Amino acid sequence: MSDTVIIGAGPSGLAAAYELTKHGASAMVLETSNKVGGLARTLEHEGCLFDIGPHRFYTKNREVHQLYLDILAEDVVLVKRLTRILYNNRLFDYPLTPLNVVRGLGLAECGLVISAYGLSQIRQYVSPREERTFEDWVTNRFGARLYESFFKNYTEKVWGIPCSHLGADWAAQRIKGLSLPEAARNALFRNNGRVKSLINEFLFPRLGSGQLYEKMRSIIEERGGIVQTNSRVKRILREGGRVRSLVIQGVDGVWSK
Ligand SMILES: Cc1cc2nc3c(=O)[nH]c(=O)nc-3n(C[C@H](O)[C@H](O)[C@H](O)COP(=O)(O)OP(=O)(O)OC[C@H]3O[C@@H](n4cnc5c(N)ncnc54)[C@H](O)[C@@H]3O)c2cc1C
């Protein structure tokens, strides 16, 4: 019986099990789906591999960087970034390029975006509002027009949560250093690499982002850890503030300690 049970074989759960087993501890990971990797998993359809999102890997932490290289070994490749946004049936380069934006949006829409941005700046100057939600944060930096037409849709589709329920700190972390003037500056001049969202090259597993987690799973299992898919944790039973047992769907039942 494992000393530690981890719920979910996404990047966090597998990283925890990887570290525990590396230091000789036992660990069991329970995963509800039939694949490991969580949101970063790779799916196969008719012989093709698909990732759920781009899953660029970029870190300033040397230890995490090394972990990525150690696990993937010969399966890590450096990829030149080509990110494009499909908006109103048109593809926009990301980072933005001025001609591409003007051609895609049209002069009239560009004017509306810039006016809405100007309005938001004046409103912030006259009566600054507290930034509590993702919506507040993005509207202040990009204006209401871009927020409504682009950020709101995109974010709610990807994360499945209304922007009014996502915190401003989360927006600040995801879109750090980026604002409408900054995006325009990056469009006009070469990106100097300072802006977090605009990295030009990134490391990637040869067979998709999920390959990292498949490999992590193998290493955990080689070290004696357990990664059990098709096992949903239904209930966590506690006693005196400590977790005593878990009710698991998919296998006959209960883990207890
Ligand atoms: C479209 C998209 C693009 C992204 N792009 C990037 C990117 O470029 N770079 C980047 O660094 N990050 C990116 N991310 C974010 C990244 O995917 C997440 O930060 C990461 O997957 C979080 O890992 P996690 O293990 O905490 O959670 P998750 O990946 O959500 O994993 C949680 C796991 O727990 C399992 N689980 C849940 N409930 C139970 C239960 N009751 N019992 C058993 N198992 C359970 C789930 O099935 C899942 O496998 C992106 C995310 C999305 C959606």
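1. Helix H1 (11–22), helix H5 (144–159) and strand E10 (232–239) each contribute at least two residues to the shell around the ligand. Helices (H or I, at least four residues) and strands (E, at least two) are DSSP runs numbered from the N terminus.

2. The model is predicted: local features need pLDDT of at least 70, side-chain atom pairs count only at pLDDT 80 or more, and totals for chains, interfaces and linings use all residues. Residues are numbered from 1 along each chain as its sequence is written, and side-chain values use heavy atoms, with hydrogens and water left out.

3. Among the 20 residues around the ligand, Ser12, Glu31, Leu39, His55 and Arg56 come nearest (near: a heavy atom within 4 Å). The shell comprises 9 nonpolar, 8 polar and 3 charged residues; Ala, Val, Leu, Ile, Met, Phe, Trp, Tyr, Cys and Pro count as nonpolar, Asp, Glu, Lys and Arg as charged, and the others, Gly among them, as polar.

4. An N or O atom in the side chain of His55 lies 2.6 Å from a ligand oxygen atom, and one in the side chain of Glu31 lies 2.7 Å from a ligand oxygen atom. For Leu39, a polar backbone atom is 2.9 Å from an oxygen atom of the ligand. A polar contact is a pair of N or O atoms within 3.5 Å.

5. H1 and helix H8 (residues 210–222) have axes that come within 10 Å and cross at roughly 30°, so H1 is roughly parallel to H8 (under 35 degrees). Axes are lines fitted to C-alpha atoms, for helices over the stretch in contact, and angles run from 0 to 180 degrees between N-to-C directions.

6. The axes of helix H4 (residues 134–142) and H5 come within 9 Å and cross at roughly 135°.

Methods: Polar contact = N/O pair within 3.5 Å; in protein donor to acceptor, adjacent residues only side chain to side chain. Parallel < 35°, antiparallel > 145°, perpendicular 65-115°, else oblique.
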